[in-house]
Amino acid sequence: MKHIASILLIALFSVNTFAGGLGDWIKPGRPNPYEPNPGRPNITCSARDNGWEEHWGGHRDCRECVAKHGNCTETCSASYFTCQAEGVDYRGYKMTLEGRAPSRYETERQVMDLCQRQYRYQNCRIISCNENSETVSRRSCR
């Protein structure tokens with residue numbers, strides 16, 4: 001009886017996992033904003049109606065926007081951080097390096113690792129960090 005219960009539980013979990021990934025097959029050209037991917041920027045999508053001003057920052061997705069307005073445009077943006085670190089090389093010259101990652105913590109860690117371990121600079125320190133955003137996709141919804 002335990003074996004049958006275990007097999008049913010594994011089968012149920014497998015079907016649930018499979019069903020969760022069907023959305024990726026249905027919309028192949030659209031980034032998936034719900035699934036974190038290391039090394040890839042954070043992606044957020046919103047839909048806005050064409051020709052009218054959205055007072056509340058747009059809608060969550062095309063379906064929600066089209067239900068209220070008819071014609072909409074969905075825009076997906078990637079946000080990421082860039083940080084600059086400064087270190088001193090073996091000749092005493094100040095050198096600047098830049099790193100880019102999805103979170104500020106990852107970016108700072110990446111650029112400090114680059115400065116200290118890869119280039120072996122001395123007195124490494126973070127001199128600036130900025131959050132950036134760029135449009136990665138745009139599509140019309142009807």
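Glutamate 64 counts as partly exposed, at 29% relative accessibility (buried means under 20% relative accessible area, exposed over 50% and partly exposed in between, with a 1.4 Å probe and protein chains only). The model is predicted: local features need pLDDT of at least 70 and side-chain atom pairs count only at pLDDT 80 or more, while totals for chains, interfaces and linings use all residues. Residues are numbered from 1 along each chain as its sequence is written, and side-chain values use heavy atoms, with hydrogens and water left out.

**View A. Salt bridge between arginine 60 and glutamate 64.** The closest N and O atoms of arginine 60 and glutamate 64 are 3.4 Å apart; a salt bridge is a side-chain nitrogen of Lys or Arg within 4 Å of a carboxyl oxygen of Asp or Glu. Arginine 60 is exposed, with 58% relative accessibility. The structure holds seven salt bridges.

**View B. Salt bridge between glutamate 74 and arginine 139.** The N to O distance between these two side chains is 2.7 Å. Glutamate 74 belongs to strand 2 and arginine 139 to strand 4, so the pair ties together parts that are 65 residues apart in sequence. Helices (H or I, at least four residues) and strands (E, at least two) are DSSP runs, numbered from the N terminus. Glutamate 74 is buried at a relative accessible area of 2%, whereas arginine 139 is partly exposed at 38%.

**View C. Salt bridge between glutamate 86 and arginine 125.** Here the closest N and O atoms are 3.0 Å apart. Glutamate 86 in strand 2 and arginine 125 in strand 4 are 39 residues apart, and the pair links distant parts of the chain. The relative accessible area is 15% for glutamate 86, which is buried, and 45% for arginine 125, which is partly exposed.

**View D. Helix 4, residues 104–118.** The 15 residues of helix 4 reach 20 Å from the first C-alpha to the last, close to the 21 Å expected at 1.5 Å a residue; the expected span is 1.5 Å times one less than the number of residues. Thr107, Val111, Met112 and Cys115 are buried in helix 4. Down the axis of helix 4, the buried residues fall within an arc of 120 degrees, so they line one face of the helix (the arc is that of the directions from the helix axis to the C-beta atoms). They pack against strand 2 (72–88), strand 3 (94–101) and strand 4 (122–141). Tyr105, Arg117 and Gln118 are exposed on the other side of helix 4. Arginine 120, with a positive phi near 60 degrees, follows the helix.

View E. Threonine 107 is buried, with a relative accessible area of 0%. A polar atom of its side chain lies 3.3 Å from the backbone nitrogen of alanine 101, and the backbone oxygen of serine 103 lies 2.7 Å from a polar atom of the threonine 107 side chain. Not counting residues up to four places away in sequence, threonine 107 touches Phe81, Thr82, Cys83, Gly99, Arg100 and Ala101; contact means heavy atoms within 4.5 Å.

**View F. Residues 15–31, where pLDDT stays under 50.** pLDDT is the predictor's confidence in each residue, from 0 to 100. For residues 15–31 the model has twelve contacts beyond four places in sequence. Where pLDDT is low, the predicted coordinates should not be read in detail. The protein chain has a mean pLDDT of 78, and 66% of its residues reach 70 or more.

Methods:
Polar contact = N/O pair within 3.5 Å; in protein donor to acceptor, adjacent residues only side chain to side chain.
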